[in-house]
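Here are my notes on the model, point by point. Have a look at the structure as you go.

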Amino acid sequence: MTNKIIIVVLAISVRSYSQVGINTTKPQGVLDIVSTTSTMVIPRLPDPNAITSPVAGMLAYDSTNKTIRYYDGVQWSTLMYSKEQTKSNEGVVKISGSGVGGSAGTKPSWANVPPDTTKQVTYSAPLNYASSPTTSWPDNSPASDDKIYKNGRFLENNVLGQVHQWRIIVNYTKNANASSQEIRFILRNPSSGFRSEMNAVIPTGKSSGILVYNFTTIADKVSLPPPLGTGNGYIIEWESSDKVTALSIDSITRVSAQKN
């Protein structure tokens, strides 16, 4: 009789550990949770990469990027979040001006700037953005001025390794009789020494028009602010080979490419 009791107890023990049911007596998997009023909460971490020995199949809520991450055996990836198969960290943000005044706000502008003079592009709060769908903030980075611009620095989306395109549209005026004129824009990171330049030449006889500059950056630990990195973004500057009668920033757009 004693032997039979032991066998029954062991059988129950094996069954209870092979399938666990919460709010159900008939679990249909290793773990089966049933609820109509609540849900499961997975571990919340500011950076899943901090896990020293991850194993394939791990799940975590990335509290910095506001998304669910999974470890595929090689790296932490982001779960797809919509029917369109898009990622939560892609988006376009177009700054059309700043401060109060007009639908686009005040645009950074300069007048009668001497040659070989460096000018920094800065905005005052609050920023004005192009309306949707031109501006579509990344899902992991809700609309907020300090998500793209803070203390004179332009910020990438908070995803390490994410590629960003920066488009700067400029309006200019110069003396029509002046010879050809070169206007150079510079995007640089003082923390790392990264520097990218792009030149545009205004032909002789051209007195006004629009110039477009494009830059590419990849978010890393010396460009992103804490907690992901130690940087604080990029500075945008411009210089001219000759005197500039007038120059203004029409818009600055940051395009964040999707990143797994």
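Where is Met40 found? In the loop between β2 and β3 (44-45); strands here are DSSP runs (E, at least two residues), numbered from the N terminus.

1. Before the details: this is a predicted model, where local features need pLDDT of at least 70 and side-chain atom pairs count only at pLDDT 80 or more, while totals for chains, interfaces and linings use all residues. Residues are numbered from 1 along each chain as its sequence is written, and side-chain values use heavy atoms, leaving out hydrogens and water.

2. Met40 is exposed, at 52% relative accessible area (buried is under 20%, exposed over 50%, partly exposed in between; 1.4 Å probe, protein chains only). Together with Val20, Ile22, Val30, Leu31 and Ile33, Met40 makes a nonpolar surface patch of about 540 Å² (residues with over 30% relative accessible area and no salt bridge, nonpolar side chains joined within 5 Å). Strands β1 (20-22) and β2 (31-33) each give two or more residues to that patch.

3. On to salt bridges (a Lys or Arg side-chain nitrogen within 4 Å of an Asp or Glu carboxyl oxygen): the count is six. One of them pairs Asp62 with Arg69 at 2.6 Å. Asp62 is buried at 1%, and Arg69 is buried too, at 10%.

4. Glu197 bridges to Arg184 at 3.6 Å. Glu197 sits in β15 (194-202) and Arg184 in β14 (181-189), so the pair ties together parts 13 residues apart in sequence. Glu197 also bridges to Arg195 at 2.6 Å, and the salt-bridge network links Glu182, Arg184, Arg195, Glu197 and Glu239.

Technical notes: Patches are made of residues with over 30% relative accessible area and no salt bridge: like charges are joined within 9 Å, nonpolar side chains (Val, Leu, Ile, Met, Phe, Trp, Tyr) within 5 Å. Accessible areas come from the Shrake-Rupley method with a 1.4 Å probe; for residues, only the protein chains shown count as cover. Helices (H or I, at least four residues) and strands (E, at least two) are DSSP runs, numbered from the N terminus.
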